[in-house]
Amino acid sequence: MSGTFVGMPAFPAAAREALGDTQLRRNLAHATHVIRDKRAAVVAEVEDWEELRLAGAGVKEAALRDLATHLETLEESLTRAGATVHWARDAEEACAIVAAVTKAHGADEVVKVKSMATAEIGLNEALEAEGIAAWETDLAELIVQLGDDLPSHILVPAIHRNRAEIREVFLRRMGDVGRPAPPALTDEPAVLAAAAREHLREKFLRAKVAVSGANFAVADTGTLVVVESEGNGRMCLTLPEVLISVVGIEKVVATWSDLDPLLRLLPRSSTGERMNPYTSTWSGVTSGDGPREVHVVLLDNGRTRALADDVGRQALRCIRCSACLNVCPVYERVGGHAYGSVYPGPIGAILNPLLHGVSDEQTASLPYASSLCGACFEVCPVRIDIPSVLVDQRAAVVDSHRGDRVLTPEAVAMKAAAWAFSDSRRLAWAERVSGLAGRVIGRFSRTTLPGGRAATGRLPGPAAGWTGARDLPVPPTESFRAWWDRTDGGRS
């Protein structure tokens with residue numbers, strides 16, 4: 001009952017299709033403008049915002065530099081508090097652990113708190129294959145699940161849907177999986193939320209097992225932290241008998257006090273609020289209160305691979321606020337589905353290649369899904385230099401193709417340039433050809449660049465794709481060396 005990103009096309013093809021969806025573009029433009037305006041207003045209230053960003057980045061970087069020690073401390077603290085800790089090297093192991101624990105308690109369904117980690121590993125699909133239904137309880141995730149859709153935003157997975165579309169999804173699908181939507185359902189937000197609340201309540205009260213992620217994990221106290229806005233997380237964390245938390249190993253921080261800057265940065269950067277409506281913390285099992293059994297699955301799934309990258313490791317500082325998505329001109333126009341992952345936008349363009357490598361066409365296209373404008377770094381609460389990592393990952397893509405037998409057009413062009421530039425006679429010949437081309441093309445140029453220099457319009461043939469959105473300056477009719485010789489070094 002949910003879509004899958006498996007088999008998604010490379011970013012250019014997916015983006016081209018998304019650009020043709022005018023309703024999607026209207027939905028995205030409205031939502032991202034609203035969120036980023038709210039963020040800007042509450043950030044402006046904090047006089048020492050830059051110092052707070054530095055503090056948050058410092059906390060996360062310090063944890064990553066001694067990650068192994070902090071993870072061992074976390075395991076010891078959780079075990080001492082009565083939790084069972086599991087280690088998962090990849091998605092398959094993590095899904096198998098969750099399925100085994102669920103089956104051990106005779107459950108055929110779980111309720112879920114919104115979790116990027118479980119979406120990353122495809123947990124819902126894995127549980128469905130084992131005969132276990134996974135019910136999303138976050139409103140936006142519920143919309144995505146009922147619509148057999150895919151998430152398109154880190155914070156607001158259904159950002160690509162408008163109210164009318166959500167109403168239709170509720171009317172069409174709620175009755176198939178539980179309490180149906182009222183026949184007189186309108187598209188008013190409060191009415192839609194009330195319908196979702198009634199639909200989910202029976203699932204909360206019935207479920208024996210819940211699955212969560214965690215925004216942070218405090219090593220010295222063994223405390224997991226979830227922040228949310230709707231209260232569904234609190235229901236999942238307290239009502240079921242068994243709680244399974246799937247936590248990426250990069251979520252660990254050393255001490256309770258390290259949460260201070262992060263819990264001040266996150267709500268302002270994500271939802272544009274001064275604080276989260278719900279901040280839930282739990283440490284193992286407490287007699288007579290909450291779940292009777294707690295399992296914590298510490299997930300790698302490429303994170304140690306990213307940690308080994310000297311430039312890219314800073315991506316693991318990400319606290320999943322989505323601020324970079326809301327200011328990205330590329331994301332605003334194409335949405336999240338074009339990125340082919342649960343991690344879209346600028347952070348997804350670096351995180352996916354870092355976690356999985358650039359061996360497949362879809363992932364290898366992501367570092368190029370950016371204008372390198374730098375807006376993402378300016379709003380990142382933990383100061384991830386996304387543009388620098390994007391450039392580094394582009395180099396990794398190029399390096400991965402150096403041994404290819406069939407060269408790409410770009411590689412052919414670079415080899416031709418190297419051949420010409422490595423010999424003065426060949427370079428002189430290339431300059432003469434370029435000058436001749438400049439005289440011919442100049443007659444048909446249709447664009448003038450600043451300073452009066454002519455440029456081509458859209459060229460035919462193989463160059464059409466590149467020149468369709470770029471101005472290509474017409475080659476000069478005379479090279480610098482020819483001018484130098486003709487004017488005796490500029491003296492005549």
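Q: Is Val382 buried or exposed?
A: Start with the scale. Buried means under 20% relative accessible area, exposed over 50%, and partly exposed in between, with a 1.4 Å probe and protein chains only. Val382 has a relative accessible area of 1%, so Val382 is buried.

Q: What kind of model and numbering stand behind such values?
A: This is a predicted model, in which local features need pLDDT of at least 70, side-chain atom pairs count only at pLDDT 80 or more, and totals for chains, interfaces and linings use all residues. Residues are numbered from 1 along each chain as its sequence is written, and side-chain values use heavy atoms, with hydrogens and water left out.

Q: Where is Val382 placed among the secondary structure elements?
A: Helices (H or I, at least four residues) and strands (E, at least two) are DSSP runs, numbered from the N terminus. Val382 is in the loop between α18 (375–379) and α19 (386–400).

Q: Which residues is Val382 in contact with?
A: Contact means heavy atoms within 4.5 Å. Leave aside neighbours within four places in sequence. Val382 then contacts Arg53, Gly56, Ala57, Lys60, Leu262, Arg317, Cys318 and Ile319. For a C-alpha distance, take Val382 and Cys328: they are 54 residues apart along the chain, and their C-alpha atoms are separated by 17 Å.

Q: Arg53 is on that contact list. Which residue forms a salt bridge with Arg53?
A: A salt bridge is a side-chain nitrogen of Lys or Arg within 4 Å of a carboxyl oxygen of Asp or Glu. Arg53 pairs with Glu50, and the closest N and O atoms are 2.9 Å apart. Both residues lie in helix α3 (residues 49–65). They are three residues apart, about one turn of the helix.

Q: Are Arg53 and Glu50 buried or partly exposed?
A: Judge each partner separately. Arg53 has 2% relative accessibility, so Arg53 counts as buried. Glu50 has 38%, so Glu50 counts as partly exposed.

Q: Arg317 also contacts Val382. Which residues are linked with Arg317 in a network of salt bridges?
A: The network links Glu61, Arg65, Arg313 and Arg317. Glu61 is in helix α3. Its relative accessible area is 14%, so Glu61 is buried. Not counting residues up to four places away in sequence, Glu61 touches Arg313 and Arg317.

Q: What does the residue Ala62 show about sequence separation and distance?
A: Ala62 and Ala254 are 192 residues apart along the chain, and their C-alpha atoms are separated by 8.4 Å. Ala62 lies in helix α3. At 43% relative accessibility, Ala62 counts as partly exposed.

Q: Which residue forms a salt bridge with Glu431?
A: Arg481 does, with the closest N and O atoms 3.4 Å apart. This pair links distant parts of the chain, with Glu431 in helix α21 (residues 424–442) and Arg481 in helix α23 (residues 480–486), 50 residues apart. Glu431 has a relative accessible area of 23% and is partly exposed. Arg481 has 33% relative accessibility and also counts as partly exposed.

Q: How does the pair of Arg486 and Glu478 read?
A: Their side chains meet in a salt bridge (2.7 Å, N to O). Arg486 is exposed, with a relative accessible area of 53%. Glu478 is partly exposed, with 31%. By the salt-bridge rule the count comes to 25.

Q: Which residues make a nonpolar surface patch?
A: Patches are made of residues with over 30% relative accessible area and no salt bridge: like charges are joined within 9 Å, nonpolar side chains (Val, Leu, Ile, Met, Phe, Trp, Tyr) within 5 Å. Accessible areas come from the Shrake-Rupley method with a 1.4 Å probe; for residues, only the protein chains shown count as cover. Here Leu205, Met235 and Leu239 make a patch of about 290 Å². Leu239 is found in the loop between α11 (232–238) and β7 (242–248). At 42% relative accessibility, Leu239 counts as partly exposed.

Q: What do the totals for the protein chain say?
A: The secondary structure comes to 23 helices and 13 strands. Of the 492 residues, 50% count as buried. The C-alpha trace spans about 95 × 55 × 50 Å along its principal axes. The chain exposes about 23200 Å², with carbon and sulfur atoms supplying 55% of it. Among contacts with a separation of 6 or more, 73% come from residues 24 or more positions apart.
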